[in-house]
Each structure stands twice: as C-alpha cells, then as structure tokens.
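The sequence and the coordinates are shown first.

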Amino acid sequence: SVWVDEKISLGIITPYRAQVDYLNKLAEASPVMDPLRHLININTVDAFQGQERDVIAISFVRSNDKSEVGFLGDVRRTNVAMTRAKKKLIMIGDSATLGSHPFYNDLLDYVQNGGFYKSAFEFIAT
C-alpha cells in the first residue's frame with residue numbers, strides 16, 4: 001500500500017452552540033483525540049464563515065415527531081455550511097424531520113437519487 005503523509009483537516013458544524021460545547025467537551029476528554037485536536041474544529045455555521053476544511057461533517061441535530069426544523073429553516077446557513085468542504089461533505093440528520101421542509105426534501109431526493117444516502121439502520125448490526 002502507498003503511504004500518504006497528508007494531514008486531513010476536519011470541521012464539524014452544528015447550528016446549535018450547546019451541541020458545539022458538548023462535542024468539544026467530549027473531544028477534550030478523549031485521549032484518542034488529543035494528538036488530533038489541531039486538525040479538528042468543532043463550531044457553529046456562523047463561526048465557519050470564510051473558512052474551509054478538507055472534510056466537513058454537518059450535524060443537523062433536529063429530530064422530532066412534529067417535523068419541525070427550527071433554526072435549520074434558514075437555508076442560507078445550511079448553504080454556507082455545505083460549501084466549507086474542500087474534499088468531502090458528510091451530512092447527518094433525521095430524514096423524516098428534515099424531509100418536511102422543501103429545501104431538505106429536495107436535498108434528500110438528490111442524495112438518494114445519486115446513491116449518496118445511507119440510513120442509520122444500514123449501519124446497525126443484525
């Protein structure tokens with residue numbers, strides 16, 4: 001195999017400050033993360049404006065029986081988050097909740113039709 005000596009930068013974006021704080025606490029408490037901390041930035045959409053990372057993971061957070069997207073209804077922020085990735089974009093969310101909004105419904109259709117969509121249930125061992 002070929003060894004590539006490249007540092008991949010990772011950005012984790014969430015619309016909610018409370019989740020940013022929670023994820024940062026988890027990362028700080030993890031000895032596995034310690035040598036990687038300089039490559040990973042966890043922050044809100046607004047804090048990532050004007051920045052890019054090799055890989056961006058977006059946590060859409062919202063999941064509820066009422067299909068309310070809340071803050072995610074401001075799709076301009078989602079557009080900003082999605083355009084921060086230089087090499088790979090990973091989006092994690094509840095498709096049932098997100099699909100109730102026209103923008104996210106179209107996005108879900110796009111990723112499903114392109115073969116990019118994976119359900120969490122596909123990762124659960126039987």
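The structure is a predicted model, in which local features need pLDDT of at least 70 and side-chain atom pairs count only at pLDDT 80 or more, while totals for chains, interfaces and linings use all residues. Residues are numbered from 1 along each chain as its sequence is written, and side-chain values use heavy atoms, with hydrogens and water left out.

**Fold**

The protein contains five helices and four strands; these are DSSP runs numbered from the N terminus, helices being H or I of at least four residues and strands E of at least two. Read from the N terminus, the order of elements is β-α-β-α-β-α-β-α-α. Of the 126 residues, 29% are buried, where buried means under 20% relative accessible area, exposed over 50% and partly exposed in between (1.4 Å probe, protein chains only). Among contacts with a separation of 6 or more, 76% join residues 24 or more positions apart; a contact means heavy atoms within 4.5 Å.

Helix α1 covers residues 17–29, and its 13 residues reach 18 Å from the first C-alpha to the last, close to the 18 Å expected at 1.5 Å a residue. The expected span is 1.5 Å times one less than the number of residues. V20, N24 and A27 are the buried residues of α1. Seen down the axis of α1, these buried residues fall within an arc of 60 degrees, so they line one face of the helix; the arc is that of the directions from the helix axis to the C-beta atoms. An α-helix has 3.6 residues a turn, so residues three or four places apart point the same way. The face of α1 turned away from the buried side carries the exposed residues A18, Y22, K25 and A29. The cover over the buried residues of α1 includes β1 (10–14) and β2 (40–44).

In α3 the buried residues are T78, V80 and A81. Viewed down the axis of α3, they fall within an arc of 155 degrees, so they line one face of the helix. They pack against β1, α2 (45–48), β3 (53–59) and α5.

**Residue S9**

S9 lies in the segment before β1. With 17% relative accessibility, S9 counts as buried. Beyond its neighbours within four places in sequence, S9 is in contact with L39, R53, D54 and V55.

**Pocket and cavity**

On a 1 Å grid over the protein atoms alone, a cavity is a set of points where a 1.4 Å probe fits but cannot get out, a pocket is an open set with protein on both sides within 12 Å along at least five of seven lines, and lining residues have an atom within 4 Å of a point. Grid points are joined across faces, edges and corners, and a volume is the space filled by probe spheres set on the points.

| Largest pocket | about 690 Å³ | M91, V111, F116, Y117 and K118 |

The elements giving two or more residues to the lining of the largest pocket are β4 (85–92), α4 (95–98) and α5 (102–113). A search of the whole structure finds one cavity of 30 Å³ or more. Helix α3 (residues 75–82) supplies the largest share of the lining of the largest cavity, three residues.
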